[in-house]
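Let's take a walk through this structure together. Have a look at it first, and then we'll pick out a helix and a few charged pairs.

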Amino acid sequence: MTEKPHPVSRNNPHKSRKPTIKSRKFPSKPTFDPKTSQEDREDNDLVYGRHSVLAALESDRQLNRIWITNKLHYDPRFHSLLQTAKAKGTVIDEVNIQRLNQITSGGNHQGVAAQIAPYNYQDLDELITQAKASTDEPVIVIADGIADPHNLGAIIRTAEALGAQGLVIPQRRAAGVTSTVTKVAAGALESFPVARVVNLSRALETLKSAGFWIYGTAAEGGKLLHSMELRGAIGLVIGSEENGLSLLTQRCCDQLISIPLGGKTPSLNASVAAAITLYEVYRQRWSDKLYLESVSDATVKRTDL
């Protein structure tokens with residue numbers, strides 16, 4: 001097994017340690033209609049109307065997204081509350097009346113509608129602190145623009161089942177934790193924290209500063225998965241269904257890794273690639289643990305002789 005190079009100092013982010021990369025697609029085809037807008041693909045647990053949305057904003061409930069007209073956005077009753085909600089990860093979209101009519105199916109929206117999140121996101125710093133407190137070798141999965149809630153739910157279910165410590169998702173151009181994601185995750189979200197961040201690149205730098213080595217999955221061009229020593233604190237980045245990792249995300253990775261394929265199919269579904277990669281991470285750790293246990297047992301037997 002090829003040893004991982006020693007990480008460069010996290011105190012000097014300008015040191016050159018980026019892999020040579022080019023744009024590439026990860027999976028072969030999206031599993032959803034790309035012409036459909038993201039908010040229409042998500043489960044819309046909607047509230048609409050000024051009083052209803054104001055009540056939701058003033059409560060402790062997490063909101064995935066708010067659609068609001070330009071005029072109402074800067075209304076004194078809404079503006080400060082919207083800024084607070086945005087800071088907590090809520091997506092604020094300025095839309096016209098026709099779009100709101102479409103979202104609410106002709107309901108009396110009064111210029112504003114909101115999607116209530118079925119899940120309360122965790123702060124990234126808290127997620128990192130908890131992950132490092134729970135194990136010496138934490139694993140955090142980062143989803144770079146996973147748009148299909150079924151894929152996101154499957155990734156969450158696999159990551160929790162194999163022992164990962166959490167997930168990071170971007171606020172924009174990606175699925176949030178909706179009712180569909182919760183259902184596909186099959187109970188995993190009860191014990192698996194998810195952080196939703198405004199800037200994914202900045203989140204990756206935060207993970208690096210905390211001692212995580214960032215691996216990004218790529219259909220080709222990365223080091224072969226089975227040749228890597230996947231130890232220590234790891235951030236595993238999974239790309240979107242259609243385009244894989246963005247170029248900016250690739251540049252933030254310490255190393256790109258690829259799964260070797262023997263058939264004619266050129267790539268894997270994002271959730272399947274995540275499952276295979278996560279399994280290899282934990283297979284290596286389990287193998288080392290079994291080896292140490294066998295050595296310990298052999299030493300005890302020799303001592304008893």
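What follows is a short tour of a predicted model, starting with a helix and ending with salt bridges.

Start with helix α7, which covers residues 149-162. With 14 residues at 1.5 Å each, α7 should span 20 Å, and since its end C-alpha atoms sit 20 Å apart, the two agree. At the start of the helix, D148 has a side-chain oxygen that comes within 3.0 Å of the backbone nitrogen of H150. Just past the other end, G163 has a positive phi of about 110 degrees. Which residues of α7 are buried? They are P149, N151, L152, G153, I155, I156, A159 and L162.

Now for the charges. Side chains of opposite charge can pair up when their charged atoms come close. The model has 6 salt bridges. One of them joins D93 to R65, with the closest N and O atoms 2.8 Å apart. D93 belongs to strand β3 and R65 to strand β2, so this pair ties together parts 28 residues apart in sequence. D93 is buried at 12% relative accessible area, and R65 is buried too, at 6%.

D93 also meets R172 in a salt bridge, again with 2.8 Å from N to O. R172 sits in the loop between β6 and α8, 79 residues from D93 in the chain. R172 is partly exposed, at 37%.

Another salt bridge brings D75 and R77 together at 3.0 Å, N to O. Here D75 is buried at 16%, while R77 is partly exposed at 42%.

Notes: Residues are numbered from 1 along each chain as its sequence is written. This is a predicted model: local features need pLDDT of at least 70, side-chain atom pairs count only at pLDDT 80 or more; totals for chains, interfaces and linings use all residues. Side-chain values use heavy atoms; hydrogens and water are left out. Helices (H or I, at least four residues) and strands (E, at least two) are DSSP runs, numbered from the N terminus. The expected span of a helix is 1.5 Å times one less than its number of residues. Buried means under 20% relative accessible area, exposed over 50%, partly exposed in between (1.4 Å probe, protein chains only). A polar contact is a pair of N or O atoms within 3.5 Å; within protein, one must be able to donate a hydrogen and the other to accept it, and residues adjacent in sequence count only if both atoms are side-chain atoms. A salt bridge is a side-chain nitrogen of Lys or Arg within 4 Å of a carboxyl oxygen of Asp or Glu.
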